[in-house]
Amino acid sequence: MDLILDILIPKKDINKLNLEEILVEWGGETFSQDPKKYKFQSSVYFQEYDNWNYYKKIVGKNLEQYDFTAFTLQGESLTDLEFAVNNHEQNQKANNELIVLFYELYKELDTFCIILLLDEEQIDVKYDLADVDQAINVFLESLSWGSPKGIVISKGL
């Protein structure tokens, strides 16, 4: 499956998460990358994305550009979770850093949005969920190869 995971976080709340900006060094000085890149724990990587018209169409809510920062997942962490779900591996939640991030989002933030796009644009169901375990279960079910879904999970929107 072709999956894309984006997370929208209020700019004022980014420091509440354990996201570490990945900086580059050149000539003895340290700089942000353009676009900025971030890491969560050891294997979850994100890149900032700023096409707000795109997100307004998907989420269908009043998202204002100055309120949120969008992060697009990079690397293999979503693919690894997808394979774990579909191979019915035990402890798929307990040992996955992406799931740990979901727990942190729910614990630390009042408002955010998780967008899982199927085939680059398809959204099948939108959820507004205040319970982290329910959100994770919905997310994991959407990764099923038997019935994959593009989903939006929001909290506080």
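Close-up 1. D128 stands opposite S154 in β10. The model is predicted, so that local features need pLDDT of at least 70 and side-chain atom pairs count only at pLDDT 80 or more, while totals for chains, interfaces and linings use all residues. Residues are numbered from 1 along each chain as its sequence is written, and side-chain values use heavy atoms, with hydrogens and water left out. Strand β9 (residues 125–128) pairs with β10 in the parallel sense over 4 bridges. On β10, V152 has I115 opposite, and strand β8 (residues 112–118) pairs with β10 in the antiparallel sense over 5 bridges. Two strands pair if DSSP finds at least two bridges between them; strands (E, at least two residues) and helices (H or I, at least four residues) are DSSP runs, numbered from the N terminus.

**Close-up 2. The β-α-β unit that includes β10.** A right-handed β-α-β unit is made by β9, helix α4 (residues 132–142) and β10. A crossover is right-handed if, with the strands pointing away from the viewer, the path from the first strand over the helix to the second runs clockwise.

Close-up 3. Strand β10 (residues 151–155) is largely enclosed by the rest of the structure, because 5 of its 5 residues are buried. Buried means under 20% relative accessible area, exposed over 50%, and partly exposed in between (1.4 Å probe, protein chains only). I151, I153 and K155 point one way from the strand, V152 and S154 the other way.

**Close-up 4. V59 in helix α1.** V59 belongs to helix α1 (residues 52–59) and is buried at 5% relative accessibility. The C-alpha atoms of V59 and I153 are separated by 9.2 Å, although the two residues lie 94 residues apart along the chain. Apart from neighbours within four places in sequence, V59 is in contact (heavy atoms within 4.5 Å) with L8, C113, I115, K126 and L157.

**Close-up 5. T69 in strand β7.** T69 lies in strand β7 (residues 68–74) and is buried, with a relative accessible area of 7%. Beyond the neighbours within four places in sequence, the contacts of T69 are I7, L8, I9, K11, I14, E48 and W52.

**Close-up 6. F31 and a nonpolar surface patch.** F31, in strand β4 (residues 29–31), counts as partly exposed at 35% relative accessibility. Together with V24 and W26, F31 forms a nonpolar patch on the surface, with about 340 Å² of accessible area for the three together. Accessible areas come from the Shrake-Rupley method with a 1.4 Å probe; for residues, only the protein chains shown count as cover. Patches are made of residues with over 30% relative accessible area and no salt bridge, nonpolar side chains (Val, Leu, Ile, Met, Phe, Trp, Tyr) being joined within 5 Å and like charges within 9 Å. A salt bridge is a side-chain nitrogen of Lys or Arg within 4 Å of a carboxyl oxygen of Asp or Glu.
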